[in-house]
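Let's walk through this structure together, starting with its charged pairs and then moving on to its strands. Keep the view open beside you as you read.

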Amino acid sequence: MRAERDQRTAHSVSYRKRDALNAFVGGRCARCGTVQFPRSRICVNPDCRVTDAQEPYGLADSRGRVKTFTEDWQAYAARPPYVYGNIEFAEGGNLLMEVTDIDAGELKVNECGPFRIPHQG
């Protein structure tokens, strides 16, 4: 493991963001329909930018496309390499996330699939 500063999430922050962390819930703008993750107070659509119009929107069963990724052989992983990438979801929204349950060299750019938040713990 790298000798880096421990950056664990505070329990209070984890509790406030439990829907996003445990259920992969983002937001959908009630005005324009733009989906985003994580949910925020302001719509990310530059043509909308309405405030406080985000409705909860589940992304756990969404399909996505790999825009870019990397295999990190330096970071600690129970089953190296540690793979993470930018995933674009079919409904909209992008997320830099860990990709699990794949072998080295298996993931490809533009590959589509169900991408899920890995188990936290």
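In this predicted model, the side chains of Arg41 and Asp52 come together in a salt bridge, with 2.8 Å from N to O. Both residues sit in the loop between strand 2 (35–36) and strand 3 (54–58), eleven residues apart. Are these two residues buried or exposed? Arg41 is exposed because its relative accessible area is 55%, and the cut-off for exposed is over 50%. Asp52, at 52% relative accessibility, counts as exposed too.

A search of the whole structure finds three salt bridges, so let's visit the others. Arg65 pairs with Glu88, and their closest N and O atoms are 3.0 Å apart. Here the link runs between strands: Arg65 belongs to strand 4 (residues 63–72) and Glu88 to strand 5 (residues 82–89), with 23 residues separating them. Arg65 is partly exposed at 26% relative accessible area, and Glu88 is partly exposed at 29%.

Next comes Arg79, which forms a salt bridge with Asp103 at 2.6 Å between the closest N and O atoms. This pair connects two loops: Arg79 lies between strand 4 and strand 5, while Asp103 lies between strand 6 (94–99) and strand 7 (112–114), 24 residues away. Asp103 is partly exposed, with a relative accessible area of 45%. As a general point, side chains of opposite charge can pair when their charged atoms come close.

Which residues make up its covered face, and which its uncovered one? Val83, Gly85, Ile87 and Phe89 form the covered face, whereas Tyr82, Tyr84, Asn86 and Glu88 form the uncovered one. On one flank, strand 5 runs antiparallel to strand 4, and eight bridges join the two. Within this pairing, Thr68 stands opposite Asn86 of strand 5.

Strand 5 also pairs with strand 6, again in the antiparallel sense, over six bridges. Val83, from the covered face, has Val99 in strand 6 as its bridge partner. Strand 5 and strand 6 make a hairpin with four residues between them, and Gly92 in the turn has a positive phi of about 120°.

One last stop is Ser62, in the loop between strand 3 and strand 4. Ser62 counts as buried because its relative accessibility is 3%, where buried means under 20%. Its side chain joins that of Glu91 through a polar contact of 3.0 Å.

How values were computed: Residues numbered from 1 in each chain as written. Predicted model: local features only at pLDDT ≥ 70, side-chain atom pairs only at ≥ 80, totals over all residues. Heavy atoms only, no water. Salt bridge = Lys/Arg side-chain N within 4 Å of Asp/Glu carboxyl O. Buried < 20%, exposed > 50% of the residue type's maximum accessible area, 1.4 Å probe, protein only. Polar contact = N/O pair within 3.5 Å; in protein donor to acceptor, adjacent residues only side chain to side chain. Pairing = 2+ DSSP bridges.
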